[in-house]
Amino acid sequence: MTLIFIIFIVSVSVCMFIWVYPLWRDLKRLSVTADNFGNGYLTQRAELSKTSVIARLGRSFNQMADRIEKLIQGQKELTNAIAHDLRTPLYRLRFAFEMLHSQDATEKEQQRYRNSINTSIDDLDHLINQTLILSRYNRAMDISHFSDCDLANKITDEIDHYRLEHRALMVDFYLCPGLESRLLFVDNRALLRALNNLLSNAARYAQKKVKISFNIDNTNCVLTIEDDEQYNTYQDKID
């Protein structure tokens, strides 16, 4: 009788071990993965069998890890983008202040530089405010920052500033007659920042010439920037 009882206890223990061990093993793996992820190894993911008792928990952890990794990557890209966007108005401010003290600048050019300083200060103020209220871009239907504007005229002004800052480059600009004085419903500040970023890249690689065109392609407005170094072409389509 005692032997039968011992055999029964051992059998139950073995069955419990066979059932509990995989659970304990998978929980330990998940725990190690969570610790590594918390220590900054953002590529860590739970690797569990589909038949595991905690497979659903592992999938939930992996989904959470994916979202966190994308969020952190997005924050890094945002930080880089803000730094890049701030560089352009700061460069313009420095250039304009230097040229205002130049003996060769005409009165008309000095007035342009003063206008450039005011515009750059406004751009910096807008960038700072936009960063502080960035949460509005999380709402897909929020278009409060869009407005009707004469985008062609604003692009022309930006290119005039660009010519002043890069006198060694030949800057060709073609504006489609159909876009002159035409109002477009856009986020003009964001588009002008994109234009300045592309122009900065073109100036970095161009040897002698930068070609810019603002044209109509079917139902789209297309802004194209080309440099002569590697024949790079940058396009931005506006619906």
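Which residues form one aromatic cluster? Tyr91, Phe95 and Tyr113 do. The model is predicted, so local features need pLDDT of at least 70, side-chain atom pairs count only at pLDDT 80 or more, and totals for chains, interfaces and linings use all residues. Residues are numbered from 1 along each chain as its sequence is written, and side-chain values use heavy atoms, with hydrogens and water left out.

Aromatic rings come next. Rings of Phe, Tyr and Trp (its six-membered ring) pair if their centres lie within 6.5 Å; planes under 30 degrees apart are stacked, over 60 edge-to-face, and the rest tilted. The count comes to four aromatic pairs. The rings of Phe37 and Phe61 have centres 6.0 Å apart and planes at 70°, so this pair is edge-to-face. Phe37 lies in helix α1 (residues 2-38) and Phe61 in helix α2, so the pair ties together parts that are 24 residues apart in sequence. Helices (H or I, at least four residues) and strands (E, at least two) are DSSP runs, numbered from the N terminus. Both Phe37 and Phe61 are buried. Buried means under 20% relative accessible area, exposed over 50%, and partly exposed in between (1.4 Å probe, protein chains only).

Phe95 and Tyr113 form an edge-to-face pair, 5.9 Å centre to centre, with 80° between the planes. Phe95 is in helix α2 and Tyr113 in helix α3, so parts 18 residues apart in sequence are tied together. Phe95 is buried, with a relative accessible area of 14%. Tyr113 is buried too, at 1%.

The strands were examined for pairing, which requires at least two DSSP bridges between two strands. Strand β2 (residues 170-175) pairs with strand β4 (residues 209-217) in the parallel sense over six bridges. Tyr174 stands opposite Ser213 in β4. β4 also pairs with strand β5 (residues 220-227), in the antiparallel sense over eight bridges. Leu223 in β5 is the bridge partner of Phe214. β4 and β5 form a hairpin with two residues between them, and Asn218 in the turn has a positive phi of about 55°.

A volume is the space filled by probe spheres set on the points, which are joined across faces, edges and corners. The largest pocket holds about 390 Å³ of space. Of its 21 lining residues, the closest to the centre are Thr119, Asp123, Glu158, Arg189 and Leu192.

Technical notes: 1 Å grid on protein atoms, 1.4 Å probe; cavity = no way out; pocket = protein on both sides within 12 Å on 5 of 7 lines; lining within 4 Å.
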